[in-house]
Amino acid sequence: MTRTLTRNRVVLGLAAGALAGVLAGCGGGNGGGSTTSTPPKKSVEPGVTQVNADLTDFHIALSQKTFKPGSYTFVATNNGHHDHALEIEGSAGEHRTKTLAPGASGTVKVTLKSGTYEIYCPVDGHKDLGMKTKITVGGSSAPVNKTPQNSNGY
Ligand SMILES: [Cu+2]
């Protein structure tokens, strides 16, 4: 019987533990149970429309301008050089992302009903610098106010 010895190549690909970048500067008090490092969920639920908001210095560009009543997830990306955030204000109250550093993105969920909403950046003075826009939810065409005319039946 002939035995063939196969040489197993043992690849020791262990890179040097490059764990130098372990969270430096975590000094300070113990934050409660909620750390702020939760990544935003990318999965969009069924029936939820995703709207992208491009935040720059100092402008907000939305991926869509017309809205129907329903549930939306606004995904704001800060493409500027300052901190920005996205706030949606309307009859349903205020909804906003956290303040986003340049390059960061965040989401805010909101249920839009018919009406007008103001969308702006709540960071100091940015609204007045131009980071604001308005959206109208529902039919923007002429209001259909058909008041039924009751003819006098008697
Ligand atoms: Cu801003």
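Colleague: Let me start with a detail: how exposed is E118?
Modeller: E118 is partly exposed, because its relative accessible area is 22%. Partly exposed is the range between buried, under 20% relative accessible area, and exposed, over 50%, using a 1.4 Å probe and protein chains only. Residues are numbered from 1 along each chain as its sequence is written, and side-chain values use heavy atoms, with hydrogens and water left out.

Colleague: OK. Which residue does E118 form a salt bridge with?
Modeller: With K127, and the closest N and O atoms are 3.5 Å apart. A salt bridge here is a side-chain nitrogen of Lys or Arg within 4 Å of a carboxyl oxygen of Asp or Glu. K127 is partly exposed too, at a relative accessible area of 27%.

Colleague: How many salt bridges are there by this rule?
Modeller: The count is one.

Colleague: Let's zoom out. How many helices and strands does the protein have?
Modeller: Zero helices and nine strands. Both are DSSP runs numbered from the N terminus: helices are H or I with at least four residues, strands are E with at least two. Along the sequence the pattern reads β-β-β-β-β-β-β-β-β.

Colleague: And what is the average pLDDT?
Modeller: The protein averages 76, and 61% of the residues score at least 70. pLDDT is the predictor's confidence in each residue, from 0 to 100. Strand β3 (residues 66–67) has a mean of 92, where confidence is lowest, while β2 has the highest at 98.

Colleague: Where does pLDDT stay under 50?
Modeller: Over residues 4–36, and the model has one contact beyond four places in sequence for that stretch. Contact means heavy atoms within 4.5 Å. Where pLDDT is low, the predicted coordinates should not be read in detail.

Colleague: Noted. Now the metal: which residues coordinate the copper ion?
Modeller: H84 through ND1, C121 through SG, H126 through ND1 and M131 through SD, at 1.9 to 2.8 Å. Donors are N, O and S atoms within 2.8 Å of the metal (3.2 Å for Na, K and Ca), and water is not among the atoms, so sites may look incomplete.

Colleague: Where do H84 and M131 sit in the chain?
Modeller: H84 is in the loop between β4 and β5 (87–90), and M131 is in the loop between β8 and β9, so the pair links distant parts of the chain, 47 residues apart. Both H84 and M131 are buried. The donors follow the spacing H-x36-C-x4-H-x4-M.

Colleague: Why is the copper arrangement tetrahedral?
Modeller: Because the four donor atoms subtend angles of 88 to 133 degrees around the copper ion. Four donors count as tetrahedral if all angles lie between 85 and 135 degrees.

Colleague: Is the peptide bond from D57 to F58 cis or trans?
Modeller: Cis, with omega near 0 degrees. For background, most peptide bonds are trans. F58 is also in the loop between β1 and β2.

Colleague: What about G130, which residues does it touch?
Modeller: F58 and H59, again leaving out residues up to four places away. G130 is in the loop between β8 and β9. Its C-alpha atom is 8.7 Å from that of D57, although G130 and D57 are 73 residues apart along the chain.

Colleague: Last topic: how many residues are in the largest nonpolar core?
Modeller: It has 23, and L62, F67, F74, L86, I88, L112 and I135 have the most contacts inside it. The elements giving two or more residues to this core are β1 (48–56), β2 (59–62), β4 (70–78), β7 (105–112), β8 (115–120) and β9 (132–137). A nonpolar core is a set of buried Ala, Val, Leu, Ile, Met, Phe, Trp, Tyr and Cys residues joined through side-chain atoms within 4.5 Å.

Colleague: What is L112 in contact with?
Modeller: Leaving aside neighbours within four places in sequence, L112 contacts F67, P69, G70, Y72, F74, I88, Y117, I135 and V137.

Definitions and conventions. This is a predicted model: local features need pLDDT of at least 70, side-chain atom pairs count only at pLDDT 80 or more; totals for chains, interfaces and linings use all residues. Four donors count as tetrahedral if all angles lie between 85 and 135 degrees; four count as square planar and six as octahedral if opposite donors are over 155 degrees apart and all others between 65 and 115; anything else is irregular.
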